[in-house]
Amino acid sequence: MNTLLRIDSSLRTEGSYSRTLGDYFIQQWQTKNQEGIIIERDVSRQLMPHITQETIHAFFSEIPDERDTHLSDQLISELYQSNEILITCPMYNYGIPSSLKAYFDLVIRTKKTFTGSTIPKGLLKNKKAYIISSMGGISTETLNPLENHLTQLLSLMGITEISYFPLDGTVDQSSISEKICIQQSEILKQLN
């Protein structure tokens, strides 16, 4: 039985392009995985705390204080439970939302999601990730800045099989419907 972890990060609960395309992805995924389990993690509704000195100390302690690692341990457990991960992510100020950055700061942990000091080795193997990104401008790069950043973070943890569904140029309302249809077709191809 497949388990999908959905991570949403848009501050918009209505009118969000990344959430809307994420909802479509979930509908199609559920059609294919009728017995599948979906774990939902919305980092904009349940804001992720920024790591502190105490958190870092606990991460590297032989006997960490569970009060400082509880949320991190819970988030990492969700990653290990999942076969697939869906991240929906808008661009804010040329980067990922701060709540999503805080999420990754909590889950990228030595001896938990990666090992090694000079050459890191990811511990989350045999997982597939999907990134739905949205940005007002148009990216001229192969991977847009969001995809680049998320790819580096996922790869550090060992997740290297990644599919991308970018919605760029969302400020141009005349073409957004067509772009959404194109990405919906790409989602159908990926899931079949």
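Figure 1. T55 is buried, with a relative accessible area of 9%; here buried denotes under 20% relative accessible area, exposed over 50%, and partly exposed in between, for a 1.4 Å probe and protein chains only. The model is predicted, so that local features require pLDDT of at least 70 and side-chain atom pairs count only at pLDDT 80 or more, while totals for chains, interfaces and linings use all residues. Residues are numbered from 1 along each chain as its sequence is written, and side-chain values use heavy atoms, with hydrogens and water left out. T55 belongs to helix α2 (residues 53-60); helices (H or I, at least four residues) and strands (E, at least two) are DSSP runs numbered from the N terminus. Apart from neighbours within four places in sequence, T55 contacts D68 and L106, where contact means heavy atoms within 4.5 Å.

**Figure 2. Packing of helix α2 on helix α3.** The two helices pack at an angle of about 80 degrees, and their axes are 9 Å apart. That angle makes α2 roughly perpendicular to α3. Axes are lines fitted to C-alpha atoms, for helices over the stretch in contact, and angles run from 0 to 180 degrees between N-to-C directions. Angles under 35 degrees count as roughly parallel, over 145 as roughly antiparallel, 65 to 115 as roughly perpendicular, and the rest as oblique. From α2, the contact involves E54, T55, A58 and F59, and from α3 it involves D68, T69 and S72. By class, the contact of α2 with α3 comprises two nonpolar, three polar and two charged residues. Ala, Val, Leu, Ile, Met, Phe, Trp, Tyr, Cys and Pro count as nonpolar, Asp, Glu, Lys and Arg as charged, and the others, Gly among them, as polar.

**Figure 3. Crossing of helices α3 and α4.** The axes of α3 (residues 66-81) and α4 (residues 98-107) come within 8 Å and cross at roughly 90 degrees. On the α3 side the contact is formed by L71, S72, L75, I76 and L79, and on the α4 side by Y103, L106 and V107. The contact of α3 with α4 has seven nonpolar residues, one polar residue and no charged residues.

Figure 4. Five strands form an open sheet with parallel pairing, in the order β2-β1-β3-β6-β7; two strands pair if DSSP finds at least two bridges between them. From one strand to the next, the twist averages 15 degrees. Strand β6 (residues 128-135) runs parallel to β7 and is joined to it by eight bridges. Within this pair, I131 stands opposite Y164 in β7. Helix α5 (residues 145-156) lies across β3 (84-90), β6 and β7, and runs at about 155 degrees to β6. Helix α6 (residues 176-191) also packs on the sheet, where it touches β6 and β7, and its direction makes about 165 degrees with that of β7.

Figure 5. Side chains of opposite charge can pair when their charged atoms come close. A salt bridge is defined as a side-chain nitrogen of Lys or Arg within 4 Å of a carboxyl oxygen of Asp or Glu, and by this rule the count comes to eleven. R45 and D42 meet through their side chains at 3.5 Å, N to O. R45 is exposed at 58% relative accessibility, whereas D42 is buried at 14%. A network of salt bridges links R6, D8, R19, D23, D42 and R45. R109 and D73 form a salt bridge at 2.7 Å, N to O. This pair links distant parts of the chain, with R109 in the loop between α4 and β4 (114-115) and D73 in helix α3, 36 residues apart. R109 is buried, with a relative accessible area of 5%, and D73 is partly exposed at 31%.

Figure 6. K189 forms a salt bridge with E186, their closest N and O atoms lying 3.2 Å apart. The two residues are three positions apart in α6 and therefore separated by about one helical turn. K189 is exposed at 58% relative accessibility, and E186 is partly exposed at 30%. Q184 is also found in α6 and is partly exposed, with a relative accessible area of 22%. Not counting residues up to four places away in sequence, Q184 touches L21 and Y24.
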